[in-house]
Amino acid sequence: RIESQVIIEQRLPSLRVMGSLIFIQFSLMCCWSQLETIASLLAGDSFGWHIHECNVLFICGGAASLLAYVTFFFASKRIEDRFLIAYAIIACVAGLLLMI
């Protein structure tokens, strides 16, 4: 029983790590939401786009997100979780910087 308790305790993730990952995810999603809010206005002013073209832009962004989720789903079977989380955060930051 002592060995099983030690194994269970070793598997529990750090509360600090989990909290920081939740904060990073929340921060990135807030940035994405703000960019989506102003993207229509900026695209309309800068490129003369109408609402239809802006909707196509958002559809492409959604398709890119879906592709990333599917990729991470299949990668989760081959890559260790901590590296997968790091890669996902790097991909989100890179996408955010490209959007800016």
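**Exercise 1. The largest pocket**

What is the volume of the largest pocket? Find also which helices line this pocket and which residues lie nearest its centre.

*Solution.* The model is a predicted one, and in this model the largest pocket has a volume of about 1,100 Å³. As a next step we turn to the lining, which is made up of 36 residues, and those nearest the centre of the pocket are Trp32, Gly61, Ser65, Cys92 and Gly95. We then ask where the lining comes from: H2, helix H3 (51–75) and helix H4 (81–99) each supply at least two residues, and H2 gives the most, with 14 residues.

**Exercise 2. The chain as a whole**

Describe the secondary structure of the chain and state how much of the chain is buried.

*Solution.* Counting the elements comes first, and the chain has four helices and zero strands, so that, read from the N terminus, the order is α-α-α-α. Turning to burial, we find that 8% of the 100 residues of the chain count as buried. The accessible surface of the chain is about 8,500 Å², and carbon and sulfur atoms account for 70% of that surface.

**Exercise 3. Helix H2**

Compare the span of helix H2 with the expected value, locate its kink, and list its buried residues.

*Solution.* Helix H2 takes in residues 15–47, which makes 33 residues, and the distance from its first C-alpha to its last is 46 Å, close to the 48 Å expected at 1.5 Å a residue. Looking along H2, we come to a kink of about 35 degrees that is centred on alanine 39. Just after H2 comes glycine 48, which takes a positive phi of about 70 degrees.

**Exercise 4. Aromatic pairs**

How many aromatic pairs does a search of the whole structure find? Classify each pair and explain why it is given its class.

*Solution.* The search of the whole structure finds two aromatic pairs. In one of them, the ring centres of phenylalanine 47 and tryptophan 49 are 5.3 Å apart and the ring planes stand at 35 degrees, so this pair is tilted. In the other, the rings of phenylalanine 73 and phenylalanine 74 have centres 5.2 Å apart and planes at 70 degrees, and because planes over 60 degrees apart count as edge-to-face, this pair is edge-to-face. Phenylalanine 47, at 60% relative accessibility, counts as exposed because the cut-off is over 50%, whereas tryptophan 49, at 32%, is partly exposed. Phenylalanine 73 has a relative accessible area of 47% and is partly exposed, and phenylalanine 74, at 49%, counts as partly exposed as well.

**Exercise 5. Distances along the chain and in space**

For serine 65 and for tyrosine 87, give the helix, the accessibility, and the distance to a residue elsewhere in the sequence.

*Solution.* Serine 65 is found in helix H3, and at 37% relative accessibility this residue counts as partly exposed. Serine 65 and cysteine 92 are 27 residues apart in sequence, while in space 9.5 Å separates them, C-alpha to C-alpha. Tyrosine 87 has its place in helix H4 and is partly exposed, with a relative accessible area of 44%. Between tyrosine 87 and phenylalanine 72 there are 15 residues along the chain, counted as their separation, and their C-alpha atoms are 9.0 Å apart.

Definitions and conventions: Residues are numbered from 1 along each chain as its sequence is written. This is a predicted model: local features need pLDDT of at least 70, side-chain atom pairs count only at pLDDT 80 or more; totals for chains, interfaces and linings use all residues. Side-chain values use heavy atoms; hydrogens and water are left out. Buried means under 20% relative accessible area, exposed over 50%, partly exposed in between (1.4 Å probe, protein chains only). Accessible areas come from the Shrake-Rupley method with a 1.4 Å probe; for residues, only the protein chains shown count as cover. Rings of Phe, Tyr and Trp (its six-membered ring) pair if their centres lie within 6.5 Å; planes under 30 degrees apart count as stacked, over 60 as edge-to-face and the rest as tilted. The expected span of a helix is 1.5 Å times one less than its number of residues. The bend at a residue is the angle between axes fitted to the seven residues ending there and the seven starting there. On a 1 Å grid over the protein atoms alone, a cavity is a set of points where a 1.4 Å probe fits but cannot get out, and a pocket is an open set with protein on both sides within 12 Å along at least five of seven lines; lining residues have an atom within 4 Å of a point. Grid points are joined across faces, edges and corners, and a volume is the space filled by probe spheres set on the points.
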